[in-house]
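Subject: Structure for you to look at

Hello,

Please find the structure below, with the sequence alongside. My notes on it follow.

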Protein chains: 2
Amino acid sequence: MKKIFFTPGPTQLYDFVPKYIEEGLSKYIFSISHRGKDFEEIFRNAVSSIRKLLNVPDNFHVFFLGSATEAMERIVENCAEKHSFHFVNGAFSERFFQTAAELKKEPEKIVAEVGKGFDFPNIRIPTNTELICLTQNETSTGVAVGLNEIYDIKRKNPDKLVAVDIVSSSPYVDIDYSLVDCAFFSVQKGFGMPAGLGVIIANEKCIEKSKKLMGKGCNIGSYHSFVSLLKYAEKNQTPETPNVMGIYLLGRVCDKLREIGIEKIREETEKKAEMIYDFFDNHPKYKPFVEDKSLRSKTVIAISVPNSGEIIKRLSEHGFIVGSGYREFREKQIRIANFPAHKIEDINGLLGTI
Amino acid sequence: MKKIFFTPGPTQLYDFVPKYIEEGLSKYIFSISHRGKDFEEIFRNAVSSIRKLLNVPDNFHVFFLGSATEAMERIVENCAEKHSFHFVNGAFSERFFQTAAELKKEPEKIVAEVGKGFDFPNIRIPTNTELICLTQNETSTGVAVGLNEIYDIKRKNPDKLVAVDIVSSSPYVDIDYSLVDCAFFSVQKGFGMPAGLGVIIANEKCIEKSKKLMGKGCNIGSYHSFVSLLKYAEKNQTPETPNVMGIYLLGRVCDKLREIGIEKIREETEKKAEMIYDFFDNHPKYKPFVEDKSLRSKTVIAISVPNSGEIIKRLSEHGFIVGSGYREFREKQIRIANFPAHKIEDINGLLGTI
């Protein structure tokens, strides 16, 4: 049976991804040396296409890692000697905070009620904070933080580094990189690819901090320190043998999304999100978990239901795969991903079946 | 033109790998949740098949990472509070040592002359050493360390952990896991797969050490600490969204290699190595770089040549891709990988063309 995955990641692959994998196989791309010119061209194209698609300025670098979880670790290691501050509104922002604690930093956090927003005007960020961490789109609950709130934090704290988790909102989310220092995502969500690649987009201030910490004798990690990543990125290489297929596919996918047009993709994502929220706002039994419309994620939509298992099973019998709620919400929610790879007719099919 | 890659990794994919990728695509394996039962079954099968193929005892755990370079970092983080000792005989063993230095340990090393062996009976390992690191097969020079020498080190140092890099010799190398504590490899070499996955095989003593360091408040890393990896492995999961394709393919490849028979694969590898070394021992201009036959790697064969660029170009015109020498040997050596995926007729074709 044909299946369509609306899971929040891994998720539906873009239609054209299998073809790109086959092309890569026929061109021997998964056999070439990661220290040779052919790989350097793949690296260069991927970075260049990401920059163009996401409008990343020249003073930012693009680094490839194993996962977004690794990105959290590397950002903490390289951007904070001791003091990170975390806006926690779900499991992934809590994971960011925990990562800092596990790395023996002294992180602090402000915690929002699940499914609710932060009281931004009244949050005091300690003056000794080096790194402020925000999860723009909480995959666990479907809450999104407004970009203006994030930019305001940077404006009020120009001396601190601001890192933004856009794991499940990129490439839909349109970040103004002049107002953040670092962002990161993985490819198995909005980019419709197989999992196994994380991407960090970090500016010169992050690199300077990393070098400063290195100079002070701090542990900034080894092969994936920002200093090491940059040294190799300048040669269009990675410190280790990377996920070459992932880097190749990401370049091809970004090329294709630019061809389609990022504005069109973003408009369609909003249109599909509206269709989904409208449907559930008017549903007798299933309701959007996030009540405040201004906080609702466009790409990961959590719906409160009486019994998720029954709905998930019924939908799967029609080939529609949706996610359960996260952890404590496993049985009380379903989560529907609305990524660029999901077509309007698929959404119609899903909602019609519900 | 059909190409055959004899590069030391990434290298020639196994014939059956493209078919496994297609099957994975048609079964939606790259879209499934990494927290669901289907993924757990893929994880369970991969670990079980690795155990059977490589004869890994029950008191060892199998962990999946992004690369073998990451494996070095995680082993140092989790198995040494301060004191690691490194047998350095090339660029990758030096990388292991450097990793420990970058992680602010106090590593020591003994360095062998390039292309030569260690004077094992006269090496004194400091008594405060916690972790002894050996590179069994140096991909950079084609020097192999004898297994008996490694086992002797463990016998003489039963209180210290012994970690062995088998990156470019597995699955050919037949490790007796009762005489080491930890081994690691990546999949883009002897397993004939696309790059992007590293594997650590570590025993309970490594886990105990990791827990002990955690208890003392040491930094053992975050999501990929041995404690975290084990917590998830016990559920047949990984801490992060992993390279699902890599784990799936590795399970399938190990199944297939077991079907072929590991003894047969090892015999064939030795036979092909003999063909290659015999050919160059009798060649008027090109000579094996490693003179001592007992130190010659069976899987990565370095050949001294007057001008590597000319030979590499000429061979590539016939579809045979070989590696250059590593770093300072770039122009003076070629490197020929002899992995299980390389067939006897391919070796004959290559040698005939040379």
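In which sense do strand 3 and strand 4 of chain A pair, and over how many bridges? Strand 3 (residues 84-88) and strand 4 of chain A pair in the parallel sense, over four bridges. Within this pair, Phe87(A) has Ile110(A) in strand 4 as its bridge partner. Strands (E, at least two residues) and helices (H or I, at least four) are DSSP runs, numbered from the N terminus, and two strands count as paired if DSSP finds at least two bridges between them. Strands of a sheet pair through backbone hydrogen bonds, either parallel or antiparallel.

Some background before the rest. This is a predicted model, in which local features need pLDDT of at least 70 and side-chain atom pairs count only at pLDDT 80 or more, while totals for chains, interfaces and linings use all residues. Residues are numbered from 1 along each chain as its sequence is written, and chains are lettered from A and ligands numbered from 1 in the order in which they are written.

The sheet in chain A

Seven strands of chain A form an open sheet of mixed pairing, in the order 2-10-9-8-5-3-4. Its edges are strand 2 (60-65) and strand 4 (108-111), each of which pairs on one side only.

Strand 10 in chain B

In chain B, strand 10 (residues 198-203) has six of its six residues buried, so it is largely enclosed by the rest of the structure. A residue is buried if 20 or more other C-beta atoms, placed from the backbone, lie within 10 Å of its own. Gly198(B), Ile200(B) and Ala202(B) are buried on one side, and Val199(B), Ile201(B) and Asn203(B) on the other.

Strand 2 (residues 60-65) of chain B runs antiparallel to strand 10 and is joined to it by six bridges; Val62(B) has Ile201(B) as its bridge partner. Strand 9 (residues 182-186) of chain B also pairs with strand 10 in the antiparallel sense, over five bridges. Here the partner of Ser186(B) is Gly198(B).

The two chains together

Contacts (C-beta atoms, placed from the backbone, within 7 Å) link 43 residues of chain B with 42 residues of chain A. On the chain B side, helix 1 (17-26), helix 3 (68-79), helix 4 (91-102) and helix 8 (244-260) each supply at least two residues.

Regards

Methods:
Two residues are in contact if their C-beta atoms, placed from the backbone, lie within 7 Å. A residue is buried if 20 or more other C-beta atoms lie within 10 Å of its own, exposed if 12 or fewer, and partly exposed in between; C-beta atoms are placed from the backbone.
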